[in-house]
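These exercises go through one protein model step by step. Try each task before reading its solution.

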Amino acid sequence: MTTVVAESAPAAGSVRAPKLRADASRNRERIVLAARDAFVEHGADVPFDEIAKRAGVGNATLYRNFPDRVALIREVALLVKNRILALAETATAEADAGEGGGPFDALQRFAHATVAEKVGGLCAVFTSTIDPYDPELTEIRERLRTAVSGLMERARAAGELRSDVDHGDLFIAMSQLTRPLPGTSCGLLDEFVHRHLQLFLDGLRAPARSVLPGRPATFEDFRPQG
């Protein structure tokens, strides 16, 4: 134990310790990204050996970072949700600055970037494992709701988004489009997801060409019940 402390205190001018910390951070990120893809393809029970192999690290490195499956799945959830939140906040800033077209263009860029996170394929993994009241994930979800709602309101105020849809409608579509179909490969899904997402987004444009049945879906529909 004292040996580890001694090794982490290099001589003056040495850059070894920062390099080790950077390597450890990169290893951790590789593990989480590999786990995300493995969970999408094989579900929550994919062997840790497979995740370590995909990440290009040894099993010991994986277990040193994530001693159990629940800890790893929670970290995947944090990574994915934080990345989607960053995408939403970037799209909002672009819409406010008038960059890359109008607010609907920013909404489209957000949607296409978000499906790359494969949220649909992870839903079952998250809901079966993670505490739905986890305070850190709840905070991210609320910030995401605010950002996406604001982005859609900007597009609606500009006359670009139909009036009878809400943020929940968008997330349901993105989730369904990134959920692997039974008996098909994830690679096949990747080939068509952006094409089908654009078909959906075209249906969100104003003026509306039809009357939608039912009511708009909101983030409230996804809150834990009970």
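**Exercise 1.** In which helix does Ser175 lie? State whether Ser175 is buried or exposed, and list its contacts.

Solution. Begin with the conventions. The model is predicted, so local features need pLDDT of at least 70 and side-chain atom pairs count only at pLDDT 80 or more, while totals for chains, interfaces and linings use all residues. Residues are numbered from 1 along each chain as its sequence is written, and side-chain values use heavy atoms, with hydrogens and water left out.

Step 1: Ser175 lies in helix H9. Helices (H or I, at least four residues) and strands (E, at least two) are DSSP runs, numbered from the N terminus.

Step 2: buried means under 20% relative accessible area, exposed over 50%, and partly exposed in between (1.4 Å probe, protein chains only). Ser175 has 10% relative accessibility, so it counts as buried.

Step 3: contact means heavy atoms within 4.5 Å. With neighbours within four places in sequence left aside, Ser175 is in contact with Val119, Gly120 and Cys123.

Step 4: H9 covers residues 167-177, and nine of its 11 residues are buried, so the helix is largely enclosed by the rest of the structure. Among the buried ones are His167, Asp169, Phe171, Met174 and Ser175.

**Exercise 2.** Describe the protein as a whole: how many helices and strands does it have, and what percentage of its residues count as buried?

Solution. Step 1: there are 10 helices and zero strands. Read from the N terminus, the order of elements is α-α-α-α-α-α-α-α-α-α.

Step 1: the protein has 226 residues, of which 38% count as buried.

Step 2: take the contacts between residues at least 6 apart in sequence; 75% of these join residues at least 24 apart.

Step 3: the protein exposes about 12500 Å², and carbon and sulfur atoms supply 57% of that area. Accessible areas come from the Shrake-Rupley method with a 1.4 Å probe; for residues, only the protein chains shown count as cover.

**Exercise 3.** Describe Arg156: which helix holds it, and which backbone oxygen does its side chain reach?

Solution. Step 1: Arg156 belongs to helix H8, residues 135-157.

Step 1: its relative accessibility is 18%, so Arg156 counts as buried.

Step 2: the side chain of Arg156 reaches the backbone oxygen of Val165 at 3.2 Å.

Step 3: apart from neighbours within four places in sequence, the contacts of Arg156 are Leu161, Arg162, Ser163 and Val165.

Step 4: compare another residue of H8. Glu142 also lies in this helix, but Glu142 is partly exposed, at 22% relative accessible area. The C-alpha atoms of Glu142 and Leu85 are separated by 9.8 Å, although these residues are 57 apart along the chain.

**Exercise 4.** Describe the loop residue Asp131: between which helices is it found, and which backbone nitrogen lies 2.9 Å from its side chain?

Solution. Step 1: Asp131 is in the loop between H7 and H8.

Step 1: at 44% relative accessibility, Asp131 counts as partly exposed.

Step 2: a polar atom of the Asp131 side chain lies 2.9 Å from the backbone nitrogen of Tyr133.

Step 3: Arg74 is 57 residues away from Asp131 along the chain, and their C-alpha atoms are separated by 9.0 Å.

**Exercise 5.** Locate Thr90: in which helix does it lie, and how far is its C-alpha atom from that of Ala106?

Solution. Step 1: Thr90 lies in helix H5.

Step 1: the relative accessible area of Thr90 is 42%, which makes it partly exposed.

Step 2: Thr90 and Ala106 are 16 residues apart along the chain, and their C-alpha atoms are separated by 8.8 Å.

Methods: A polar contact is a pair of N or O atoms within 3.5 Å; within protein, one must be able to donate a hydrogen and the other to accept it, and residues adjacent in sequence count only if both atoms are side-chain atoms.
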